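Open the model in your viewer and keep the selection tool at hand. The tour goes from the whole chain to single residues.

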Amino acid sequence: QVQLVESGGGLVQAGGSLRLSCATSRSIFTFGGMGWFRQAPGSQRDLVATITTSGITNYADSVKGRFTISRDIAKNTLYLQMDSLKPEDTAVYYCKAVSRIAGTDYHYWGQGTQVTVSS
């Protein structure tokens with residue numbers, strides 16, 4: 001059973017920073033890719049940033065230049081450094097991992113961590 005556990009959310013003023021962590025129950029290299037998504041009240045869950053096994057990153061236009069996705073392979077942990085936060089970044093942030101086994105993709109989600117940015 002794969003477990004993803006997020007932490008690091010909280011309340012911060014606009015312009016501030018937070019770093020989210022996602023601890024996994026197995027090696028990051030067992031996943032085809034990992035990423036961060038977010039969901040604001042009444043909205044769909046949107047992609048924030050992704051990173052492939054080879055380290056290629058991708059960001060939503062709304063966070064480019066402000067957020068950085070990274071990983072610590074030894075700690076089996078994914079990070080999201082969020083700088084210059086804006087009130088519109090307020091959402092529940094979810095960690096996601098995808099694993100392909102025998103041609104089938106398995107999607108794993110964490111429980112989410114709340115990020116609130118005050119103006």
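Start with the whole chain in cartoon view. The chain has 0 helices and 11 strands. Helices (H or I, at least four residues) and strands (E, at least two) are DSSP runs, numbered from the N terminus. Read from that end, the elements go β-β-β-β-β-β-β-β-β-β-β. The radius of gyration is 14 Å, close to the 14 Å that the globule rule gives for 119 residues, so the chain is as compact as a globular protein of that length. The radius is taken over C-alpha atoms, and the rule is 2.2 Å times the number of residues to the power 0.38.

Two notes before selecting residues. This is a predicted model, in which local features need pLDDT of at least 70, side-chain atom pairs count only at pLDDT 80 or more, and totals for chains, interfaces and linings use all residues. Residues are numbered from 1 along each chain as its sequence is written, and side-chain values use heavy atoms, with hydrogens and water left out.

Stay with the chain and show the C-alpha trace. Along its principal axes the trace spans about 45 × 30 × 25 Å. The accessible surface comes to about 6200 Å², and 49% of it belongs to carbon and sulfur atoms. These areas come from the Shrake-Rupley method with a 1.4 Å probe; for residues, only the protein chains shown count as cover. Of the 119 residues, 39% count as buried. Buried means under 20% relative accessible area, exposed over 50%, and partly exposed in between (1.4 Å probe, protein chains only).

Contact here means heavy atoms within 4.5 Å.

The rule asks for a pair of cysteine sulfur atoms within 2.5 Å. By this rule the count comes to 1 disulfide. Look along the S-S bond: the angle about it is -75°, and the link of Cys 22 and Cys 95 is left-handed. Cys 22 lies in strand 3 and Cys 95 in strand 9 (residues 91–101), so the pair ties together parts that are 73 residues apart in sequence. Both Cys 22 and Cys 95 are buried.

Move to Ser 21. Strand 3 (residues 18–24) holds Ser 21. Is Ser 21 buried or exposed? Ser 21 is buried, at a relative accessible area of 16%. Display what surrounds it. Leaving aside neighbours within four places in sequence, Ser 21 is in contact with Val 5, Glu 6, Ser 7, Trp 36, Thr 77, Leu 78 and Tyr 79.

Now select Asn 76. Asn 76 sits in the loop between strand 7 (67–72) and strand 8 (77–82). Check the backbone: phi of Asn 76 is positive, about 50°, although Asn 76 is not a glycine.

Go on to Ile 101. Ile 101 is found in strand 9. Ile 101 is partly exposed, with a relative accessible area of 43%. Draw a distance to Leu 78. The C-alpha atoms of Ile 101 and Leu 78 are separated by 21 Å, and the two residues are 23 residues apart along the chain.

Last stop: Ala 102. Ala 102 is in the loop between strand 9 and strand 10 (104–109). Phi of Ala 102 is near 50°, a positive value in a residue other than glycine. At 80% relative accessibility, Ala 102 counts as exposed.
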